[in-house]
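Trainee: I am new to this structure. Please take one part and look at it closely, then show me what lies around it.

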Amino acid sequence: MQATNDHQAVLAARRRFFEDGRTPRGLIAEPILRSWTRCAALGLEAAKTPEVAALSSGGLREACERHEQLRRLCRPEIEALYLDARDTDSVVILTDPQGLVLDAVGSTDFADKAARVALRPGVQWHEAATGTNAIGMALIERRPVAVHGAEHYFAPHRILSCHAAPILEPDGRLAGALDLSGHAALPHAHALGLLRVVVDQIEHRLFEGRYPHCQVLRLHSERSHLGTAREGVLVFDGPRLIAANRHALALLGLDWDSLGQCRYSELFGTTLSQLRDGQPLRGLRGREFHGRLDAEAARPLALSATAAGVPARPTPITEAIVLDAAARQALARASRILDADLPVLLQGETGAGKEVFARQLHAACSRAQAPLVAVNCAALPENLIESELFGYEEGAFTGARRRGAVGLLRQAQGGVLFLDEIGDMPLALQSRLLRVLQQREVTPLGGGKPVAVDFRLICATHRDLRQAVAEGRFRADLYYRIAQYTLPLPALREHADLPGLIADLWIRLQAGPPSALPAELMARLAAHDWPGNYRELVSCLRALLALAGPDCRLTLDDLPPALRDPPQPFAAVSTEATLSALAEGAMRSALAAAEGNVSAAARRLGVSRSTLYRRLLQKPH
Ligand SMILES: Nc1ncnc2c1ncn2[C@@H]1O[C@H](COP(=O)(O)OP(=O)(O)OP(=O)(O)O)[C@@H](O)[C@H]1O
C-alpha cells in the first residue's frame with residue numbers, strides 16, 4: 001500500500017472527507033479512502049466511539065474451540081513474531097475469517113492500551129463493526145495492509161498503528177487474519193514484511209495431511225526454494241486443480257478462480273502421469289520449473305461424490321460465502337451435535353443456503369478431512385436412487401456395472417453424508433434408510449452381505465416435514481430419527497442485518513479492489529423481500545457487478561424490474577394493517593428517503609440504529 005505517512009495530509013483528508021463531504025484524492029492512500037467510503041455507506045459515525053459487541057466468555061470459548069486447529073497451527077508462529085517485534089512494544093493478534101479476535105499476545109503495556117480500544121479477544125474487528133482498520137481491510141482486500149493513526153475511521157483508534165495479513169486456506173477461503181499492532185507514535189518499518197513471512201509459513205502448513213487422496217505438486221523456478229514456504233503448492237483431484245497457495249498462483253499467472261476449473265494439461269501441456277522426477281516442468285507460457293510430487297500421490301482418488309457419483313467439486317471461491325454472527329454460532333453448535341454422532345436437519349426456503357451451510361458444517365466438524373458425500377434425493381431418478389444409495393452386487397439388475405458398486409452411503413464411510421431434499425425421498429426408500437441408520441449397516445442390492453457403515457448425517461429440506469408426516473408422506477419414525485436437532489435457516493427477509501450482509505457479499509464478490517454499492521441501490525436491495533433468498537441476491541449482485549464500470553457507476557435503472565419500483569410509501573399501507581406493519585412501512589419509507597443510510601433514517605424516526613435494524617429486518621414482509 002502506498003500510504004502516505006504525512007500526518008498533516010491525513011488530517012487534511014479527514015477534514016475534506018468527514019466535514020466537507022468531498023473526496024480527498026491524492027491526500028490519502030486509495031485503499032484507505034475506499035474503506036472510509038464503505039464505512040460511511042454503512043452509516044458509521046467517525047466522531048463517535050464505536051459500539052463494541054464483545055462475546056461472552058462462553059461465546060469466546062466456543063469460537064476458540066471452532067478455530068482450535070488454526071490456533072494450534074499459528075501458536076508457534078505468533079510467539080516467534082512477538083519475539084521479533086518485542087522491541088517495538090506491540091501485540092500480535094489472530095482473528096477468525098470475520099475479524100473476531102481469538103488470541104492476542106503482547107507487551108502488557110501496549111496490550112492494556114489496546115484493550116482500552118477493545119483490541120482484545122472476543123471483539124469483532126470487521127470493518128462494518130470497527131470502521132477502517134488493518135484486520136478488517138486485510139480480510140476484505142485479501143492482502144497485507146497497514147493502517148496508521150488517523151487513517152483509522154474512528155477517532156479513538158488513532159493511538160494504533162496496525163498491520164495485518166489475511167491467512168488463506170488452500171482452497172482460497174479466508175482462514176483468518178494475523179495482525180501486528182503497536183503505538184502510532186513508534187516506527188514499525190518491518191512489520192508488514194515480518195507478517196508476510198509468518199503468514200507464508202502458516203499457509204504452507206495448512207496443506208499438511210489435508211489432501212491424502214490427491215496429487216500434491218510442489219514447484220519453483222529456483223530448485224533451492226523447493227521444500228521451503230516459498231515454494232508453489234498445487235493440489236490436483238484427478239486432473240483438476242482444486243487447491244493452491246498464492247506462490248503457485250503467482251508463478252503460473254493464475255488467480256483463485258482457477259481452482260475447480262483448471263486442469264493439469266491446461267497448465268503444463270501434458271498429463272500428470274507423464275511427470276518424471278528430476279525432469280523440469282514447462283509451463284504453457286514457456287517458463288521452466290523444478291517440481292516434485294508428494295509421496296501420497298500414489299493413493300487412489302477421493303471417494304467424495306455427488307448424487308451422480310461424480311467427484312464433488314470444492315465450493316468455488318467465487319461463491320463468496322458470508323456468515324453472520326448468528327449463522328456462525330449455529331454452525332458451532334451444529335458441529336458439536338454432529339461430532340456427538342447425532343444427525344442435523346437443516347430446514348429452510350429454497351436458496352436459503354442449506355447446501356452451503358452443510359458444506360461449512362462438514363468443514364467445521366472433526367471429520368473435515370474425510371469425504372463429504374452429497375446426495376440430492378430429489379434429483380436422482382426414482383429407479384436409480386436405491387442402487388445409487390445402497391450399492392449393488394455384480395449382476396443385481398440389467399445394466400448393472402460389472403463388479404457392482406459400493407453405493408453412496410458406503411462412499412461416505414468415515415466422513416459425512418449429506419442427504420439434500422430428504423423430504424422428496426420415496427416412502428419405500430425411507431424404510432431402508434431408517435434400517436441403515438438403526439443398524440448402522442448397508443445391504444447392497446442383489447443379496448450381498450450387510451456391510452458396517454460409519455458416517456455422520458446431515459439432512460436438508462425446504463418442506464415442512466411435520467406436515468408431511470401428518471399427511472402420511474414421510475415416515476414418522478424416520479422423522480424422529482433425523483429431526484432431533486433441527487436447524488431452521490432463516491429467509492433473507494428475516495435477516496437481522498440485511499444491509500450489512502448485502503454490503504459484505506458485494507465486497508466479497510468483487511475480484512479486484514472492492515467498491516461500495518451506491519446508497520440508493522443499497523436502500524432498494526435492503527427493502528426487497530428476496531423470495532429466492534441467497535440465490536436471487538447473489539445473481540442480482542453479480543449482474544450489478546457486470547453492469548458497473550470501474551467507477552461503480554450504477555443507477556436504479558440497473559436493477560432488475562422487481563426492484564426498480566420504490567417500496568410502498570407509508571400512506572399506501574392498508575388500513576387493515578397492524579400497528580407493527582404501519583411502523584414497518586414508516587421505517588422502510590424513512591430508509592428509502594435516507595438513501596439507505598441507516599443512521600440518518602433512525603435519526604429521522606427518533607429511534608436507535610439497532611431498533612431500526614431489529615424492527616425492519618427481522619420480520620418477513
Ligand atoms: N451464506 C451464504 N453466503 C453467500 N452466498 C450464499 C450463502 N448461502 C447460499 N448462497 C448462495 O446461494 C446459492 C444457493 O444456496 P444453496 O444451494 O445452499 O441453497 P439451498 O437452500 O440448498 O437451496 P435449494 O433448496 O433450492 O437447493 C448458492 O449457490 C450460493 O451462491
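Mentor: Start with the buried residues of α7: A134, I135, G136, M137, A138, L139, I140 and E141. The helix spans residues 134-141, and eight of its eight residues are buried. So what counts as buried here? The term asks for 20 or more other C-beta atoms within 10 Å of a residue's own. E141 is on the list too. Just after α7 comes R142, with a positive phi of about 55 degrees.

Now step back. This is a predicted model. The protein has 621 residues, and 41% of them count as buried. Its secondary structure comprises 24 helices and 17 strands. Take the contacts between residues at least 6 apart in sequence: 65% of them join residues at least 24 apart.

Next, the cores. The largest nonpolar core holds 127 residues. F418 and I458 have the most contacts inside it. Look at F418. Beyond its neighbours within four places in sequence, F418 touches A358, L372, V373, A374, V375 and I458. A second core is separate and has 20 residues, including F236, A243, A244 and L259.

Last, confidence. The protein averages a pLDDT of 81, and 81% of the residues score at least 70. Strand β11 (residues 344-347) has the highest confidence, at a mean of 97. Helix α24 (residues 609-617) has the lowest, at 60. Two stretches stay under 50. One is residues 399-404, for which the model has 11 contacts beyond four places in sequence. The other is residues 569-579, with nine such contacts. For the complex, the predictor gives an ipTM of 0.99 and a pTM of 0.49.

Key. Residues are numbered from 1 along each chain as its sequence is written. This is a predicted model: local features need pLDDT of at least 70, side-chain atom pairs count only at pLDDT 80 or more; totals for chains, interfaces and linings use all residues. A nonpolar core is a set of buried Ala, Val, Leu, Ile, Met, Phe, Trp, Tyr and Cys residues joined through C-beta atoms within 7 Å. A residue is buried if 20 or more other C-beta atoms lie within 10 Å of its own, exposed if 12 or fewer, and partly exposed in between; C-beta atoms are placed from the backbone. Two residues are in contact if their C-beta atoms, placed from the backbone, lie within 7 Å. Helices (H or I, at least four residues) and strands (E, at least two) are DSSP runs, numbered from the N terminus. pLDDT is the predictor's confidence in each residue, from 0 to 100.
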